[in-house]
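Take a look at the model below.

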Amino acid sequence: MTGRFTGRHAALVIGGGFAIVLAVNFTMATLAARSHPGMVVKNSYIASQHFNEGLEAGRAQKALGWTVTADARGDALIVDATSSLDQPLTGVKATAALSHPLGRGETRELVLAEVAPGRYAAPHGMQPGQWIAEIRLTRGSERYYLEERLVIGG
């Protein structure tokens, strides 16, 4: 039996191809809309007005010469800080904000206590997974900011 390829068959093939493309596009658009919004700041114009202030803060932070590392160990967030002389950085007010990389859930604010010279810690109470920790250290007029991606749990 030899089948003839008619105009009706061509229309079905072309229509089916378009249907597949539309279904894939709709699925991808839906998945994109339900995930990360892609927004870094609420108002880019306002953020642009403070760009130079951010550059100056970065230069001031670099001039401090501090070395700061963060890690999640067990159920605690641990921050180690050393001065430009490679000595433990003591007497620092340390805070952290933990948030999900895709903006899911609430941000958790932590106040870290100095548990050893140059080591600051606080229980985080976060679920296992990846989290973004925004760590701020303050001593007098000195300011240090670190954003670190942490993996909590297995």
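W66 and Y144 are both buried (under 20% relative accessible area; exposed is over 50%, partly exposed in between, with a 1.4 Å probe and protein chains only). The model is predicted: local features need pLDDT of at least 70, side-chain atom pairs count only at pLDDT 80 or more, and totals for chains, interfaces and linings use all residues. Residues are numbered from 1 along each chain as its sequence is written, and side-chain values use heavy atoms, without hydrogens and water.

How many aromatic pairs does a search of the whole structure find? It finds one. Pairing here requires ring centres of Phe, Tyr or Trp (its six-membered ring) within 6.5 Å; planes under 30 degrees apart count as stacked, over 60 as edge-to-face, the rest as tilted. W66 and Y144 are stacked, at 6.0 Å centre to centre and 25° between the planes. The pair links distant parts of the chain, 78 residues apart: W66 sits in the loop between α3 (51–64) and β1, Y144 in strand β7. Helices (H or I, at least four residues) and strands (E, at least two) are DSSP runs, numbered from the N terminus.

S83 touches W66, along with G65 and L89, not counting residues up to four places away in sequence; contact means heavy atoms within 4.5 Å. S83 lies in the loop between β2 (76–82) and β3 (93–99). Its relative accessible area is 16%, so S83 is buried.

Now the sheet. Seven strands form an open sheet in the order β1-β2-β5-β4-β3-β6-β7, with antiparallel pairing; two strands pair if DSSP finds at least two bridges between them. β1 (67–73) and β7 (142–152) are the edge strands, each pairing on one side only.
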